[in-house]
Amino acid sequence: MEKIRQQIIEVIQRSNNILLMPSAPVDGDSLGSSLALYLAFKKLNKNVTVVCAEPVPDSFQFLPTTNVINHEFAPGNDFIVTLDCEKNRIDTIRTKIEPNKVNIIITAKKGQFSAEEVSFSHGPSKYDLIITVDTADLLQLGRFYEDNTELFTQIPVINIDHHASNGQFGKINYVDIMASATTEILVPLIEEMEDKTGVKLMDEDIATLLLAGIITDTGSFQNANTTPRSFAAAAHLVKYGARQQEIIQHVFKTKRLSMLRLWGRILSNIKVDNKNHFVWATISRKDFQETGAREDETGGIIDELMTNAPGTEVVLILKHRSDGYIGGSVRTLNPSIDASMIAEMFGGGGHVRAAGFKIKSDDLAGIEQMVIEKIRAYQQARLPKDHDEQTMETSVQTPIDAKAMIEKMFIPKLDAKPVEKTTDPKPEKTVTEKHTAKPNPKTEVQKSTPSARREGEAKRSEGATGLGGPDATATNDASFTDVIMRKAVSGDANADIFKLDDSVTYKFED
Ligand SMILES: [Mn+2]
């Protein structure tokens, strides 16, 4: 690895106009990687451009220098018209400028030029090096790649990434699948760059950007990809002045109400296949519209589902995106199941524990059916044939306790005490009535099991999701959890319980 870092540093030293490309949509890791390199290269007096086809999510706007990211991209300004002069010689060339157009008038010595002798091309790019970060496949660069494919063969590409599915598309590929984040790979790279150039590069901003990548990709050191090396890198960065609390505050403790509403909907719509140890949920366009949540606000929910679904091996979320794709996120809890293999069945890829795919379609229900069937078949082929009911009975507990999940995520930190106002049972009653009529797919799955124990659990979890049920007795002493769940599930932001609107972010105290 040391040799490859030396190679990379030599190429960077020789280059003057560097293009940094994080994968789109950006996350904490791709942003942290590209912006940390941006700041380091600036200190080395390089011309640096960071481009990303998609906007920076609100939760990452606090990171230093997000404002330098360009969302438009033109690799070169020259457009060249070439005339083949093999058969004919040019006498004169004139230009005639008219409103909104230019005529280039070429007069031949003899006869005429024809259209076949004219060709067009773009001038040389102003960049001499492309660095992609946290990008497993060039297609993840979105339209910037699709519109400029030739650029990636003309200019050397350094590919720095940690995805197992990385396509090794660079001239230099620095892919370390043991790294928890791309920023973890950059820590020794930037330090060696300091040694080689004699310029002090690491500072509080760069350390904060690098730590943001590790914290987001490890889910704050909770995910299975966390290694001793991630802790060591993080400790090292904190020593450099990385603002750990600022990252935690913005990434994990500030939630928009619209996002809570969307999460509530997802939680109330979870489908469970106990037999195949599989849990999934879909998010429709209507879910986004009616909650006011953005498509990038679904990120954390799958990780919560994963850590709160005992007995589950595979977790899937399908969302209907506004760009005409259905996006899938897959997580696995059993280390012998490779999430990237599941994602590959649908043209995607990723890591062993976390992977994703996208399918061009507007038929969410149809894609759901197809994907579910394939994952079921995958699990059936994998699970032992005599995988009997007994194992299931003991290993599968209450599949999802949404209330506990929300409570764990938000409540202990909540710095608001509106509970006194909740003695009026009216808003709760309305909500309960409105939602008990709705079929709950999870409940259906549960009820088909002829076990009385399961029946009880189904009811309990039904109550837990704020949909009513025997346990929904919080009328007089509604905890703040119930209030949030109810508001989230009902989408009723105007409930008379606490007055905050969409644009307000909830701050949570330590
Ligand atoms: Mn990453």
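At what angle do helix 2 and helix 6 pack, and how far apart are their axes? In this predicted model, local features need pLDDT of at least 70 and side-chain atom pairs count only at pLDDT 80 or more, while totals for chains, interfaces and linings use all residues. Residues are numbered from 1 along each chain as its sequence is written.

Helix 2 (residues 28-43) packs against helix 6 at an angle of about 160°, and the two axes are 8 Å apart. Helices are DSSP runs of H or I of at least four residues and strands are runs of E of at least two, numbered from the N terminus. Axes are lines fitted to C-alpha atoms, for helices over the stretch in contact, with angles running from 0 to 180 degrees between N-to-C directions. Helix 2 is therefore roughly antiparallel to helix 6, a term applied to angles over 145 degrees. On the side of helix 2, the contact involves G28, D29, G32, S33, L35, A36, L39 and A40; these meet D205, I206, L209, L210, A212, G213, I215, T216 and D217 of helix 6. Contact requires C-beta atoms, placed from the backbone, to lie within 7 Å. By class, nine nonpolar, five polar and three charged residues form this contact. Nonpolar denotes Ala, Val, Leu, Ile, Met, Phe, Trp, Tyr, Cys and Pro, charged denotes Asp, Glu, Lys and Arg, and polar denotes the others, Gly among them.

Helix 6 (residues 204-217) also packs with helix 5 (residues 182-197), at an angle of about 145° and with the axes 7 Å apart. Here T182, T183, E184, L186, V187 and I190 of helix 5 meet I206, L210, G213 and I214 of helix 6. Six of the contact residues are nonpolar, three polar and one charged.

An open sheet of six strands has the order 12-13-14-15-17-16, with mixed pairing; strands pair if DSSP finds at least two bridges between them. Strand 12 (271-273) and strand 16 (349-350) stand at the edges with a single partner strand each, so one side of each lacks a neighbour in the sheet. Seven bridges join strand 14 (residues 314-320) to strand 15 (residues 325-332) in the antiparallel sense, and V314 stands opposite T332 in strand 15. Helix 13 (residues 364-382) packs on the sheet, touching strand 12, strand 13 (278-283), strand 14, strand 15 and strand 17 (354-360). The direction of helix 13 makes about 165° with that of strand 14.

Overall, the protein has 19 helices and 18 strands.

Terms used
Two residues are in contact if their C-beta atoms, placed from the backbone, lie within 7 Å. Angles under 35 degrees count as roughly parallel, over 145 as roughly antiparallel, 65 to 115 as roughly perpendicular and the rest as oblique.
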